[in-house]
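Here's a quick tour for anyone meeting this structure for the first time. We'll start with a sheet and then move on to the ligand.

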Amino acid sequence: MTGSTKRSSNSQKTSNASQSDNRRGGLYGSIITGTGAALPKKILTNADLERMVDTSDEWITTRTGIRQRHIAAESETLSKYGVAAGRQALEAARLDPADVSLIICATVTPDRPIPATACTIQHQLGCTKAGAFDMAAGCSGFIYALAVADQFVRSGACEHVLVVGGELLSKYLDWEDRSTCIIFADGAGAVILSRRSGQGGLLSFKLHADGALSDFIHVPAGGTALPASAETVRNRMHYIRMKGNETFKLAVRSIENVSREVLEMSGLTASDINLMIPHQANRRIIDAVGSRLGIPPERVYVNLDRVGNTSAASIPIALDEAVSRDLIHRGDRLLLAAFGAGLTWAGAVIEW
Ligand code: ACO
C-alpha cells in the first residue's frame, strides 16, 4: 500500500505536489501537531538480566546496543501508558479531548483480547466524540497506523486523529528465553495527526507484508488457531518466539529498500533527510541501514540503549524525545522506517 505527495522547491512543482495530493484522492494533507510518550518507572539493566538468564552485559551491548529497558509493574496495563502519551500529545497540539474524532492504537500487546485498548484510551482521555480501534502490525504498527490516520484526515472525514503506538511486551516474554527477554521492553508514544493548513506533513508512506514468514516472530497460543489451555501454558506457548538471526538479515534489507521507496515517492534523496527515526530493534540493524543509505550516524536517532525494543511504540517514543530535545525544526524532513512481526515493514517521509 502506497501514498505519496512529491515535495518541490519552486511554484511550478508546488502545483504538481498538489496534483499528487489529488491523485491520492484526498481533499487535504495531514501533519503531526503534537507528540507524547510514557515509559514505566522501573528500569531493568543488563546487569539485572545477568542474574536472571545465562547472558552478559558485554553480549547484550555488543550484539544489540541495549543497556537498559523500562518494564511495567505487574498490575499496570498498556492503556495506562497509552493514556499518558495521548494526553501529552493532546496538550502539545493544544487540543481539547473532544476535538479528536478517531483514536488508533497500534499494538500487539493489548490490555485484553476484547475489547480494543483504543476504546479504554478513548474513555480515559474523555475523547467523547472519537471512534476507536486497535491495529496489529508488529514493530511496523506505528507507521501502519499513521498511514491509516492519514486516509481519514486526507479524505476530510476527520480533522484530528490520535495515533498511539504502545506495547507492554514484558508481559509476553519468557523470562527464561535469553534470545528474547534481553531485547523487548515496554512503553507508549503518541501523535496527533491533523488536517494540514499549509505546507509539509506526511509526504509519503509505503506498507509491506509477507505472511509466509509469520513464524519468524510469533506467539503460538492464545488465539483462535490454538486457544489458551493448561497445556499451552505448560508448554510456554503464550510467550513470544523469534528467529532472531533470520529476522535480523531480512530487517536490514527491507528497511533499506522501503526507505529508498518512500524517499523516491517524496522526490527526495537521503541527503535531504535531516533526521532518520528507525524502529529501535538492534543497534547493528540501525547502523547497517544508515550506512547503506548514506545517512551519517548524527542524523539517525537512537535511543534503544536506554529504552530497548518497544515494538510499535519505538518510533513515536523516539520522535517525542527528538522533539523534546529540540532536534526537529519546522521544514525538517524525517524518514521513518520499521520492520517486525507479520512479517511487516513500512516507511514514511514527513516534512515537519
Ligand atoms: N546472551 C548470550 N548469548 C546469547 C544470547 C544472550 N542473550 N542470545 C543468544 N545467544 C547465543 C545463541 O545461543 C547463539 O549461540 P551458539 O552460537 O552457541 O548457538 C549465539 O548467541 C548467536 O545467536 P544469534 O541468534 O545468531 O545472535 P544474533 O547475533 O543474531 O543476535 C538478536 C540475536 C539480538 C536477537 C538479533 O538477531 C536481532 O536483533 N534480531 C532482530 C530482531 C528484530 O529486529 N525483530 C523485529 C521486531 S520484533 C516485533 O515485531 C515484535
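In this predicted model, five strands form an open sheet with mixed pairing, running in the order β2-β8-β7-β5-β6. At the edges sit β2 (30-38) and β6 (131-135), each of which pairs on one side only. From one strand to the next, the twist averages 20 degrees.

Have a look at the β6 end. Strand β5 (residues 102-106) pairs with β6 in the parallel sense, over five bridges. One detail to pick out there: Cys-105 has Asp-134, in β6, as its bridge partner. Helix α12 (residues 314-324) packs on the sheet, where it touches β2, β7 (160-168) and β8 (186-195). The direction of α12 makes about 95 degrees with that of β2.

Now for the ligand. There are 27 residues around the ligand, and the ones that come nearest are Thr-55, Arg-63, Cys-139, Asn-245 and Asn-282.

| Residue | Part of the residue | Ligand atom | Distance |
|---|---|---|---|
| Trp-59 | side chain | nitrogen | 3.4 Å |
| Arg-63 | side chain | oxygen | 2.7 Å |
| Gly-244 | backbone | oxygen | 3.0 Å |

Taken alone, the ligand exposes 1,000 Å², and the protein buries 76% of that.

Which elements supply at least two residues each to the shell around the ligand? They are α3 (57-64), α7 (178-181), α9 (244-266), α10 (283-293) and β13 (333-340). It's α9 that gives the most, with four residues. As for the make-up of the shell, twelve residues are nonpolar, eleven are polar and four are charged.

Technical notes. Residues numbered from 1 in each chain as written. Predicted model: local features only at pLDDT ≥ 70, side-chain atom pairs only at ≥ 80, totals over all residues. Heavy atoms only, no water. Pairing = 2+ DSSP bridges. Axes fitted to C-alpha atoms, helices over the stretch in contact; angles between N-to-C directions. Contact = heavy atoms within 4.5 Å. Near = heavy atom within 4 Å. Polar contact = N/O pair within 3.5 Å; in protein donor to acceptor, adjacent residues only side chain to side chain. Areas by Shrake-Rupley, 256 points an atom, 1.4 Å probe, with all protein chains shown as cover. Nonpolar A, V, L, I, M, F, W, Y, C, P; charged D, E, K, R; others polar.
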